[in-house]
Amino acid sequence: MKCEDVATAMGVTAMKYAFNRKKLLAILPKFQKALTQIPYDEAKNLLEKISVYLKEYLGESILKELDMAFVSIGQKYGFVSAGDVFRQRLAAGKAEALAEGLSKGLSKGRKEGLSKGLSKGRAEGLSKGLSKGRAEGIRQGLSKGRKEEKLSLAKAFRNKGFPLETIAEVTGLSIDEIKAL
């Protein structure tokens with residue numbers, strides 16, 4: 001490609017070969033000499049712009065290869081490529097995302113654990129409470145049934161004319177309870 005302006009030539013080349021990795025990687029080294037002809041800041045800015053442009057069209061593995069090519073060109077002339085900046089930002093973003101994911105995961109885990117723990121605790125408490133309640137209900141029911149049976153027998157004995165002392169002795173009731181019947 002014949003072009004007086006190295007920035008234009010590199011930009012056009014990047015656009016032309018954005019989807020042809022092999023060709024792009026083969027052509028990039030040809031720009032090394034031209035990059036030494038322009039001021040440092042312009043060369044650095046040019047490589048960063050091209051890297052950012054290509055980032056939108058290429059996969060991550062291809063970008064890594066291109067970034068390595070830009071790094072070698074940039075290192076030769078003493079500046080950092082956009083790829084280096086991109087990788088630094090990517091690493092910082094990954095670390096931030098990991099921290100956020102960990103925080104959210106822990107929070108969600110705590111909530112789920114608390115919910116499951118409460119649910120299990122309620123179920124166990126309900127089960128134990130029902131069991132104790134049944135046992136107590138049965139005990140009270142039996143006690144009440146025995147008492148009613150004694151009262152019923154005492155009433156029947158009294159109606160038959162048995163002495164109150166004998167009825168009290170046999171049923172375990174007091175004489176006052178028997179008189180109240």
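Let me begin with the largest nonpolar core in this predicted model, which is made up of 16 residues, and in which Met10, Leu24, Phe31, Leu35, Leu46, Ile50 and Leu54 are the residues with the most contacts inside the core.

Now, let me turn to how H1 and H4 sit against each other. Their axes come within 10 Å and cross at roughly 15°, and because angles under 35 degrees count as roughly parallel, H1 is roughly parallel to H4. The crossing in which H1 passes H4 is right-handed. On the H1 side the residues involved are Val6, Ala7, Met10, Gly11, Ala14 and Met15, and these meet Leu46, Leu47, Ile50, Tyr53 and Leu54 on the H4 side. Sorted by class, this contact of H1 with H4 has ten nonpolar residues and one polar residue, with no charged residues.

Stepping back to the protein chain as a whole, its secondary structure amounts to eight helices and zero strands, so that, in the order read from the N terminus, the elements run α-α-α-α-α-α-α-α. The chain has 181 residues, of which 23% count as buried. Finally, among the contacts with a separation of 6 or more, 52% are accounted for by residues 24 or more positions apart.

Key: Residues numbered from 1 in each chain as written. Predicted model: local features only at pLDDT ≥ 70, side-chain atom pairs only at ≥ 80, totals over all residues. Heavy atoms only, no water. Core = buried A, V, L, I, M, F, W, Y, C linked by side-chain atoms within 4.5 Å. Buried < 20%, exposed > 50% of the residue type's maximum accessible area, 1.4 Å probe, protein only. Axes fitted to C-alpha atoms, helices over the stretch in contact; angles between N-to-C directions. Helix = DSSP H or I, 4+ residues; strand = E, 2+ residues; numbered from the N terminus. Parallel < 35°, antiparallel > 145°, perpendicular 65-115°, else oblique. Left-handed = near helix turned anticlockwise from the far one by under 90°. Contact = heavy atoms within 4.5 Å. Nonpolar A, V, L, I, M, F, W, Y, C, P; charged D, E, K, R; others polar.
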